[in-house]
Amino acid sequence: MAANFVLKSSGPELKVDLFGVLTAQAVREVLSAITPKLSGVSACIINTMGVNDCLEEARAELVRLQQAVAARVRRTAWVDDRARFRGVALWVMHLAGDPNAKAVANADQAAKWLASNELREAAAERRTVGA
Amino acid sequence: MSRELTWAERAFIRVERSLGEVTHGYFITFDEELIRQHGLMGFFRWARATLRAQNELIAAFGETKFHLLAGFASLWNGCDYCAYGHVLALNLCVFKETGQLFPIDEAEVHELLRLRDHELQATLEARLGASHPELFALVKRQLEVRVAEGPLQSDEDRLILKSIALYEWVNECSITVDAPAPPLGPIAKDRELRARYAAARAEARTSKVAAPAPVSAPSEP
């Protein structure tokens, strides 16, 4: 089953819904499709709820995708209600070196993250040390 | 972001792992990533702060419940390494206290990661609700606190929130390594307990293969 994606632009927000099996080629296609749409976008939501699997070969491409998004977009939220894909998202944003991205479980948490100015790891450290 | 470690950093890791094995009974394998990201001084700062937070949680909840909170905070974040290591430590604590196997095998972590959040909660309730109601109530509360709006109600909630923050911080680097992990706690030093637990768990797994009884299946492959 090939991966598929749907892009939805709404003002300064771009939503990327991913489906099926993520292969390297499929992620490259997503990157090609979103690159011209990033201008003027300040928030990106990458929804992987419809993804069935993420092949090992796709992971490096996901890092490139996140780096491309981070270069143009202020905040990113990866949304999935499965821990496995939140883990993939965390790995991707960590390797991409993007502190403005976060893996969350639902649309409400995504909206909260996109509206905030927190940096992912710094916020976790602050809440650990100071809480 | 990725860089080669320096000779001095690699030498430090060799020494630090040897010391960890002797003093704690285990060492972590994401130390490389911590040093790559934060340098040696940052590693020391991270180790001191996370150890202090862990000790605070152990003082408040006890070692068994601490590993429950650590294991499921890490599981939620998708970190199989820390989830495996803390669920294994939780299993060792329960086995030491009761002589019984905890209903969740550390080897099941990968299956649990694939569940949707509501399926995970249902699975935990089915497995723990009757046999370990206090532990189930704590892990359920951790899931609730994660999405809670407004100020938290109790000191316990604030400590649960700290467990979530701590493992968001830890998992930032531990996400780069994979399970299996050693038992991630002081109980790792008890080699005799580890051997007895491993034998009992292996026997239980053999029995389960003979008569499989899945509690909950993921909605997708």
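Author: The model shown is predicted. In sequence, T123(B) stands 28 residues from F95(B), and the C-alpha atoms of the two are 21 Å apart in space. As for confidence, chain B has a mean pLDDT of 93, with 93% of its residues at 70 or more. For the complex, the predictor gives an ipTM of 0.94 and a pTM of 0.93.

In soluble globular proteins, nonpolar side chains tend to be buried together. Here the largest nonpolar core has 93 residues, and V16(A), V92(A) and C82(B) have the most contacts inside it. The element that gives the most to this core is helix α4 of chain B, residues 80–98, with 12 residues. Another core, of 7 residues, lies apart from it; I35(B), F43(B), W46(B) and C173(B) are among its members.

Leaving aside residues up to four places away in sequence, V16(A) touches F5(A), L7(A), V30(A), I34(A), C44(A), I45(A), I46(A) and N47(A).

One of these contacts, C44(A), leads on to the sheet, for its bridge partner in β4(A) is T76(A). The strands concerned are β3 of chain A, residues 43–54, and β4 of chain A, residues 75–79, which pair in the parallel sense over 5 bridges. The open sheet of chain A consists of 5 strands in the order β1-β2-β3-β4-β5, with mixed pairing. Its edges are β1 (4–10) and β5 (101–104) of chain A; each has a single partner strand, so one side of each is left without a neighbour in the sheet. From one strand to the next, the twist averages 15 degrees.

There remains the contact between the two chains, to which chain A contributes 21 residues and chain B 26 residues. On the side of chain A that touches chain B, the elements giving two or more residues are α3 (83–96) and α5 (120–130) of chain A. Of these, α3(A) gives the most, with 9 residues. By class, that side of chain A has 9 nonpolar, 5 polar and 7 charged residues.

Definitions and conventions: Residues are numbered from 1 along each chain as its sequence is written. Chains are lettered from A and ligands numbered from 1 in the order in which they are written. This is a predicted model: local features need pLDDT of at least 70, side-chain atom pairs count only at pLDDT 80 or more; totals for chains, interfaces and linings use all residues. Two strands pair if DSSP finds at least two bridges between them. Helices (H or I, at least four residues) and strands (E, at least two) are DSSP runs, numbered from the N terminus. Axes are lines fitted to C-alpha atoms, for helices over the stretch in contact, and angles run from 0 to 180 degrees between N-to-C directions. Two residues are in contact if their C-beta atoms, placed from the backbone, lie within 7 Å. Ala, Val, Leu, Ile, Met, Phe, Trp, Tyr, Cys and Pro count as nonpolar, Asp, Glu, Lys and Arg as charged, and the others, Gly among them, as polar. pLDDT is the predictor's confidence in each residue, from 0 to 100. A nonpolar core is a set of buried Ala, Val, Leu, Ile, Met, Phe, Trp, Tyr and Cys residues joined through C-beta atoms within 7 Å. A residue is buried if 20 or more other C-beta atoms lie within 10 Å of its own, exposed if 12 or fewer, and partly exposed in between; C-beta atoms are placed from the backbone.
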